[in-house]
Amino acid sequence: MIPFRNNRALTKTKVLIEQTFGVLKRRFACHRYGLRVDEAKACRIAMACVVLHKKGIQRQDVYARGTPPSDDHKRLLE
């Protein structure tokens, strides 16, 4: 029984991590198309994107799946 419980916990963790990277890919184009830099720089870029995403959450500027852009965003795109 113990290996099964560990497997379930690992599966839940893997799903959470994949969803997190999915959010980052939707919000930041650099993750969507892949980073062509060395590992150390890719790690710094990923951390910067996470920090920016957290700042966006704090400012209530959250990019959510299925949420239409506000009128302010529409005006900026025109």
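Set aside the neighbours within four places in sequence, and His31 is in contact with Leu24, Lys25, Ala46 and Cys49. This is a predicted model, so side-chain atom pairs count only at pLDDT 80 or more. His31 lies in helix 2, which covers residues 29–33. With a relative accessibility of 12%, His31 counts as buried.

**Around His31**

One of the partners of His31 is Lys25, a residue of helix 1 (residues 2–27). Seen from its own side, and again leaving out neighbours within four places in sequence, Lys25 is in contact with His31 and Arg32. Lys25 is partly exposed, at a relative accessible area of 43%. Cys49 is also among the contacts of His31. Between Lys25 and Cys49 the C-alpha to C-alpha distance is 9.8 Å, and the two are 24 residues apart in sequence.

**The two cysteines**

How many disulfides does the structure hold? The count is zero. Cys30 is in no disulfide, and its nearest cysteine sulfur, that of Cys49, is 3.9 Å away. A disulfide needs the two sulfur atoms within 2.5 Å, and the 3.9 Å from the sulfur of Cys49 to that of Cys30 is therefore too far for a bond. Cys49 counts as buried, at 6% relative accessibility, while Cys30 counts as partly exposed, at 29%.

| Residue | Relative accessibility | Class |
|---|---|---|
| Cys49 | 6% | buried |
| His31 | 12% | buried |
| Arg27 | 22% | partly exposed |
| Cys30 | 29% | partly exposed |
| Asp61 | 38% | partly exposed |
| Lys25 | 43% | partly exposed |

Just after helix 3, Gln60 takes a positive phi of about 60°.

**One salt bridge**

A search of the whole structure turns up one salt bridge. In it, the side chains of Asp61 and Arg27 meet, at 4.0 Å from N to O. Asp61 lies in the loop between helix 3 (39–58) and helix 4 (71–77), and Arg27 is in helix 1, so the pair ties together parts that are 34 residues apart in sequence. As background, side chains of opposite charge can pair when their charged atoms come close.

**The overall picture**

Stepping back, the protein has four helices and zero strands. From the N terminus on, its elements run α-α-α-α. Of its 78 residues, 12% count as buried, and His31 and Cys49 are among the buried ones. The protein exposes about 7100 Å², with carbon and sulfur atoms supplying 59% of that area.

Note on methods. Residues are numbered from 1 along each chain as its sequence is written. This is a predicted model: local features need pLDDT of at least 70, side-chain atom pairs count only at pLDDT 80 or more; totals for chains, interfaces and linings use all residues. Side-chain values use heavy atoms; hydrogens and water are left out. Buried means under 20% relative accessible area, exposed over 50%, partly exposed in between (1.4 Å probe, protein chains only). Helices (H or I, at least four residues) and strands (E, at least two) are DSSP runs, numbered from the N terminus. Contact means heavy atoms within 4.5 Å. Accessible areas come from the Shrake-Rupley method with a 1.4 Å probe; for residues, only the protein chains shown count as cover.
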